[in-house]
Amino acid sequence: PLNMQASFRVGELAVANVMLRDVVMSLVASDGRLRVNPLRASLYEGQYSGDIRLNLRGEEPQIAMNENLSDIQIGLLLLDMKNIQNIEGEFEAKFQATSSGNTEAELIAGLNGGLSFELQEGIYQGRDFWYELRSQKARLSGDPQPPAPENPKTDISRLFGSGVVTNGVLQNNDFIMQLPFVRLNGAGQADLNQMQLNYRLNAKVIGSPEFDDGSNLDELKGLTLPV
């Protein structure tokens with residue numbers, strides 16, 4: 001029976017440790033249907049916009065979402081959300097989905113839709129891709145191990161992909177990551193019901209940097225390495 005029109009503005013709002021600023025929200029409820037649109041906020045040097053519809057007229061609530069993130073500093077966001085401290089970069093994503101259910105598990109199991117994502121100028125702290133490759137090569141060939149980097153990191157020029165969600169399982173067939181001198185292509189699944197990943201990546205070496213000791217890995221150029 002709820003009939004309401006309302007609008008809200010909030011200077012700062014914390015949701016699950018995520019800090020939102022300049023929140024603008026308009027809500028309309030009528031005849032068992034509720035819509036939040038527009039829903040906008042600033043967060044982590046970027047923007048969020050959303051359109052959320054809720055239908056409560058049947059036995060199970062039905063929800064439809066259209067979510068957009070742009071120019072987000074992913075390192076700041078993940079630090080507040082999950083205390084993850086080893087990823088940086090500018091992130092954007094689009095997500096459209098529908099679902100129905102009376103519990104969180106039912107809503108996840110009924111999730112259907114699509115998404116796309118992109119990360120630019122990223123850095124993965126804690127692992128140096130080329131050191132790991134040189135170390136494995138030295139171990140296999142019996143050569144001395146290369147000196148370990150003091151501050152290991154891997155630069156990510158660009159990472160992007162898209163996917164389709166069916167009954168809570170994301171199928172992604174166009175995962176692409178561009179590293180200096182390497183291109184990774186892959187496909188796989190992310191099962192949100194079981195919180196499990198199943199991916200295969202192929203890393204194609206298109207060149208080699210010259211390392212501090214004057215060595216390189218030119219002999220790997222053109223090879224594709226399964227991950």
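Student: What do the side chains of lysine 137 and glutamate 219 meet in?

Tutor: They meet in a salt bridge, with N and O 3.1 Å apart. The model is predicted, so local features need pLDDT of at least 70 and side-chain atom pairs 80 or more, while totals for chains, interfaces and linings use all residues. Residues are numbered from 1 along each chain as its sequence is written, and side-chain values use heavy atoms, with hydrogens and water left out.

Student: Why is the contact of lysine 137 and glutamate 219 called a salt bridge?

Tutor: The term requires a side-chain nitrogen of Lys or Arg within 4 Å of a carboxyl oxygen of Asp or Glu. The N to O distance between lysine 137 and glutamate 219 is 3.1 Å, so the pair meets the cut-off. Lysine 137 belongs to helix 3, and glutamate 219 to the loop between strand 11 (196-205) and strand 12 (224-226), so the pair ties together parts 82 residues apart in sequence. Helices (H or I, at least four residues) and strands (E, at least two) are DSSP runs, numbered from the N terminus.

Student: Why are lysine 137 and glutamate 219 called partly exposed?

Tutor: Buried means under 20% relative accessible area, exposed over 50%, and partly exposed in between (1.4 Å probe, protein chains only). Lysine 137 has 32% and glutamate 219 has 44%, so both values fall in between.

Student: How many salt bridges does the structure hold?

Tutor: The structure holds 6 salt bridges. One of them joins arginine 158 and glutamate 118, whose closest N and O atoms are 2.8 Å apart. Arginine 158 is in strand 8 (residues 153-166) and glutamate 118 in strand 7, so this pair ties together parts 40 residues apart in sequence.

Student: Is glutamate 118 buried or exposed, and how do you know?

Tutor: The relative accessible area of glutamate 118 is 14%, so this residue is buried. Arginine 158, at 29%, is partly exposed.

Student: What makes the meeting of glutamate 118 and glutamine 120 a polar contact?

Tutor: A polar contact is a pair of N or O atoms within 3.5 Å; within protein, one must be able to donate a hydrogen and the other to accept it, and residues adjacent in sequence count only if both atoms are side-chain atoms. The side chains of glutamate 118 and glutamine 120 are joined at 3.0 Å. The side chain of glutamate 118 also makes a polar contact with that of arginine 158, at 2.8 Å.

Student: Which residues are linked in a network of salt bridges?

Tutor: The network links Arg35, Asp51 and Arg53. Arginine 53 is partly exposed at 43%, whereas aspartate 51 is buried at 14%.

Student: Why does aspartate 128 have no salt bridge with arginine 134?

Tutor: Arginine 134 is the nearest side chain of opposite charge, but it is 7.4 Å away. Lys and Arg count as positive and Asp and Glu as negative; His and the chain ends are not counted. Aspartate 128 is buried and lies in the loop between strand 7 and helix 3 (129-141). The side chain of aspartate 128 reaches the backbone nitrogen of tryptophan 130 at 3.0 Å.

Student: Why is serine 7 called exposed?

Tutor: Serine 7 has 58% relative accessibility, so it counts as exposed. Serine 7 sits in strand 1 (residues 4-15). Serine 7 and serine 26 are 19 residues apart in sequence, yet 4.2 Å apart in space, C-alpha to C-alpha.

Student: Which value of phi does asparagine 83 have?

Tutor: Phi of asparagine 83 is near 55 degrees, which is positive although the residue is not glycine. Asparagine 83 lies in the loop between helix 1 (74-82) and strand 6 (87-100). Asparagine 167 also has a positive phi, about 50 degrees, and is not a glycine. Asparagine 167 is in the loop between strand 8 and strand 9 (169-179). With 47% relative accessibility, asparagine 167 counts as partly exposed.
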